[in-house]
Amino acid sequence: MRTKSKWSPAPGVRILGVALTDDHSWVVSAAGPAIGICPDCGRRSRSRHGWSNRSLQDLPVQGKPVTVKLLLSRWRCAHQKCERQTFTDRLPTVASPYARRTTRVAEIVGLLGHSAGGRPGERLMQRLGMPVSDDTILRQLKRDAAVTHCTSEIRVVGIDDWSWRRATRYGTIMVDLERRSVVDILDDRSVESAAKWLRGHPSVKVVSRDRCGLYAQAVREGAPQAQQVADRFHLVQNLRTAIEEQMSLSGRASGRAILSEDAIVDAAAHRRRARLAHRQSRQEIFEMLHAFRQDGLSYSEIARRTGYERRSIVKWLAFEAPPDRRRAALSRTSPWYFETFLAQCWKEGNRCGRHLFHDVTQRGYTGSFSNLERLLGAWRRAERERVDDTGHAISPVVAAALCIKPRGLLTPRQARKVDALKQGSDAFAEMRRLAMRFNGILRSKRSETLDPWIDDAIDSELIPIMRFARVLRRDIDAVNNAIELPWSNGQAEGQINRLKTLKRAMYGRAGPELLRARMLPPRHTN
């Protein structure tokens, strides 16, 4: 009897017998308590009205499934004034009402569904001896998420958007920055939904957000008592974007002057060595194939030894010297086939891509517009570059990235580029000075130096930088809090990366309810 008692799924359940069936699964026969307790009036009853059976899946034994055949009694209530005349034994520690598996199995199903998902969880449960379908796993996961709620107050929350489909539809994620966990997933990105969520959590004192005015308005409407904190990463990125815009307006800055003549000679010598090595390798292949043929080997044997195709070996052995690589003949699908005509049109001032595409199509061009634009783009860049034929240009993207990077983090080559850009462009030197001051303000934790920086940025007369400074002034409180307070949206960005991974792993089944269930902490950790 003591051995059988270990098979009991919970206290109060009597084990009647244990058997191993022909399909190699265990069947445990059990019975409920001998006395019933009315769930309404709480009075005990021994008057049995009938019987009912429940079949529950339980934890496996020796890797084999276990099924508990539970015999439960239906009792009559002995209290005459009780509205409930009959009732059935309820065993909340064993299983929920109408459940088909015990509570401890349901908890494992929920945990595997939260960490692995539907089909991976189904395969793992099958291997563990608890066969459950993927649909059941997802239903259990959603059921647990529906009753999951955060009992602790949320003081610091990070708000950010994430894309259902890029540039088409977005949702909102709420992250508890103190506990570093997701607290909710909203289906859309709107002022109404975010403000409604904030009104339902009056304990929020600090809200970290990006530069989006939508969330700023939501915080003002839903949590006027909270301090807004602008994300420092987005502040720096906005400054970098403004610098990139200014560099695009000024034209591409020359970068060849920062390279020494020795570096240019070394690069050319490296290209020559690479071409020579390629020719030498072709010569070695040619000699090896001819040596095999002179030894009397067949084409098939040579192909087996070298790994080359038989047709290629026949072609190589037909030559007396290694064949040179030849360019394929130009066809009417290539814009280079009409290079002379296009160059003449370009010289005459016809430089609109659509017009040139129409003209060249009339002459027999069958390629795409994008291929033609690739050729025209190279010509446009060549005109914008203010360097000689041996130089190269630094793009506005690279120049902006170098402009906001501190001197201590620059490589020697990047430092030479920055020095050359400062010497060649007064605007770049001014933006570099403002960017270093701005980085210093963000790290100083003192916001009183921000107003003088904004004044200097406006006085710089660089249109993108002036626009950036004026936007900072409109959001000055959130920017000051970003400097003084330790909170940022880094946690929210990390959780969004996790959300994207889960969404793509679940393909088309990643709806709002399922995403929320997998992003929230597991039920047993709350």
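Which residues touch the most other members of the largest nonpolar core? In this predicted model, that core comprises 62 residues, and the members with the most contacts to other members are Ile173, Ile243, Phe438, Trp453 and Ile465. Helix H16, which spans residues 426-444, supplies the largest share of this core, contributing eight residues. The surroundings of Ile243 can be described individually: leaving aside residues up to four places away in sequence, Ile243 is in contact with Ala400, Cys403, Ile404, Met431, Ala435 and Ile465.

The packing of helix H16 against helix H15 was examined next. Two packed helices are described by the angle between their axes and the distance between the axes. The axes of H15 (residues 412-424) and H16 come within 5 Å and cross at roughly 120°, and H15 is therefore oblique to H16, since angles of 65 to 115 degrees would count as roughly perpendicular and those over 145 as roughly antiparallel. On the side of H15 the contact is made by Val418, Leu421, Lys422 and Gly424, whereas H16 contributes Asp426, Phe428, Ala429 and Arg432. Sorted by class, the residues of this contact are four nonpolar, one polar and three charged.

The cysteines were then considered with regard to covalent pairing. A disulfide is a covalent bond between the sulfur atoms of two cysteines. The structure holds zero disulfides. For Cys38, the closest cysteine sulfur is that of Cys41, at 3.6 Å, which is too far for a bond because a disulfide requires the two sulfur atoms to be within 2.5 Å. Cys82 is likewise in no disulfide, the nearest cysteine sulfur being that of Cys38, 3.8 Å away. Cys38 is buried, with a relative accessible area of 3%, and Cys82, with a relative accessible area of 12%, is buried as well; both assignments follow because buried means under 20% relative accessible area.

When residues up to four places away in sequence are not counted, the contacts of Gln140 are with Ala106, Val109 and Gly110.

Methods:
Residues numbered from 1 in each chain as written. Predicted model: local features only at pLDDT ≥ 70, side-chain atom pairs only at ≥ 80, totals over all residues. Heavy atoms only, no water. Contact = heavy atoms within 4.5 Å. Buried < 20%, exposed > 50% of the residue type's maximum accessible area, 1.4 Å probe, protein only. Core = buried A, V, L, I, M, F, W, Y, C linked by side-chain atoms within 4.5 Å. Helix = DSSP H or I, 4+ residues; strand = E, 2+ residues; numbered from the N terminus. Axes fitted to C-alpha atoms, helices over the stretch in contact; angles between N-to-C directions. Parallel < 35°, antiparallel > 145°, perpendicular 65-115°, else oblique. Nonpolar A, V, L, I, M, F, W, Y, C, P; charged D, E, K, R; others polar.
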